Amino acid sequence: MFSELKPLPTDPILGLMAAYKQDNNPQKIDLGVGVYKDEQGNTPVLRAVKKAEAFRLENETTKSYIGLAGNLDFCQKIESLLLGEHSALLANRVRTAQAPGGTGALRVAAEFIKRCNTNATVWVTTPTWANHISLFEAAGLTVKEYPYYDYENKGLLFDEMINALKQVPKGDVVLLHACCHNPSGMDLNQQQWQTVAELAKEQGFTPLIDIAYQGFGTSLEADAQGLRAVADQVDEMIICSSCSKNFGLYRERVGACSIIAKDSNVADVSNSVMLSVVRSIYSMPPAHGADIVNTILSSTELTQMWHDELDEMRGRINGLRTLIKESLAAKGVDQDFSFIDRQHGMFSFLGINKEQIDRLRNEYAIYIVGSSRVNVAGVSKDNIDYFADAVASVIK
Ligand code: LMR
């Protein structure tokens with residue numbers, strides 16, 4: 001049976017990560033996979049996480065099963081983080097399941113959508129995170145795209161987006177990136193979120209908000225404002241969140257799938273379906289990472305420490321955006337890269353072609369995703385000159 005299989009191409013992002021590891025060039029730069037890096041190029045364990053882990057090591061009393069929805073205190077804290085003061089207002093209508101990372105949360109959402117409506121189409125931004133499309137298709141859903149990023153003007157195709165969403169019927173799902181759009185870094189402003197929220201209400205489609213970078217854009221609160229504007233309007237929505245980036249818990253796989261239903265009864269029924277989905281995929285989520293998050297968010301001291309570390313990460317990323325823009329301009333490149341400074345989160349498209357991307361990799365050992373997406377956090381004061389020289393040379 002196995003010998004009938006045909007080999008598949010490696011994942012465009014994770015394949016790059018493996019290739020980078022094997023490269024012996026001492027000047028190599030990894031601008032591929034979306035992990036935060038400090039000035040030394042490390043992805044450190046946050047201090048708040050280390051403290052919470054030490055506490056857990058001392059105080060953990062059992063390794064017994066955790067239950068389908070995972071750590072319920074964690075779930076409640078995630079709802080507060082996402083919905084702020086709306087979380088109390090919506091409490092009767094929200095149900096959350098801890099999931100193995102943002103991807104696990106999205107897969108739970110996909111299977112849940114399939115149970116709600118086998119014929120649902122999931123509408124995603126053009127472009128979107130490479131894994132979104134395969135993930136929803138793997139769950140048997142149809143995926144279609146709506147216009148989003150304006151490659152030419154490095155902005156948004158907002159009118160085109162709205163016109164496309166006006167055609168989306170009730171029963172379909174529209175995936176929106178809450179902040180730090182992956183891969184473009186181009187976010188909706190609050191007024192645009194409001195328009196989308198009102199349209200969702202009018203059209204009756206179900207918004208699915210993917211929030212994987214809360215705190216990496218403007219602030220923990222500001223990055224959730226769009227999502228909250230939608231929650232204010234609609235009867236039903238799904239939120240898939242991740243603690244990979246903002247808590248730096250990547251390999252611990254911590255995320256959550258939250259469902260908001262029109263009332264408490266529908267929320268309970270939806271929850272039972274979501275938990276049955278969980279049981280059939282992985283039975284129960286792992287305990288460690290969610291316990292760390294819960295420990296941090298249960299302590300004023302650790303929460304403050306985490307906020308400070310998050311501010312530090314965001315500050316560094318924003319500083320690098322300015323540095324990249326200025327360094328490229330200083331190299332005398334004709335192209336205007338000021339858009340990098342206007343975008344948010346870890347990613348932006350450099351807007352260079354495939355041949356130039358290949359040259360960056362083959363001649364300079366600079367690894368960026370084939371779409372020209374760069375993780376700006378991979379740049380540092382030590383490598384910026386090398387990076388800017390390389391980009392200037394390939395785009396000449
Ligand atoms: C990314 O977009 O690089 C990250 O979300 C990591 C991943 O799983 O692709």
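Guide: Welcome! Residues are numbered from 1 along each chain as its sequence is written. The model is predicted, so local features need pLDDT of at least 70 and side-chain atom pairs count only at pLDDT 80 or more, while totals for chains, interfaces and linings use all residues.

Visitor: What makes the contact between α7 and α8?

Guide: Phe158, Ile162 and Leu165 of α7 meet Gln192, Thr195, Leu199 and Gln203 of α8. Two residues are in contact if their C-beta atoms, placed from the backbone, lie within 7 Å. By class, this contact has four nonpolar, three polar and no charged residues. Ala, Val, Leu, Ile, Met, Phe, Trp, Tyr, Cys and Pro count as nonpolar, Asp, Glu, Lys and Arg as charged, and the others, Gly among them, as polar.

Visitor: Why do β2 and β4 stand at the edges?

Guide: Seven strands form an open sheet in the order β2-β10-β9-β8-β7-β3-β4, with mixed pairing. β2 (94–99) and β4 (142–147) each have a single partner strand, so one side of each is left without a neighbour in the sheet.

Visitor: How do you know that β3 pairs with β4?

Guide: Two strands pair if DSSP finds at least two bridges between them. Six bridges join β3 (residues 121–126) to β4, so the pair passes that test. The two strands run parallel, and Val124 stands opposite Glu145 in β4.

Visitor: Which residues are around the ligand?

Guide: They are Ile13, Val33, Gly34, Trp129, Asn131 and Asn182. A residue is near a molecule or strand if its C-beta atom, placed from the backbone, lies within 6 Å of it. The shell around the ligand has three nonpolar, three polar and no charged residues.

Visitor: Which domains does the shell draw on?

Guide: At least three residues come from each of domain 1 (11–44 + 302–395) and domain 2 (65–298). Those bounds come from an automatic or database domain assignment.

Methods:
Helices (H or I, at least four residues) and strands (E, at least two) are DSSP runs, numbered from the N terminus.
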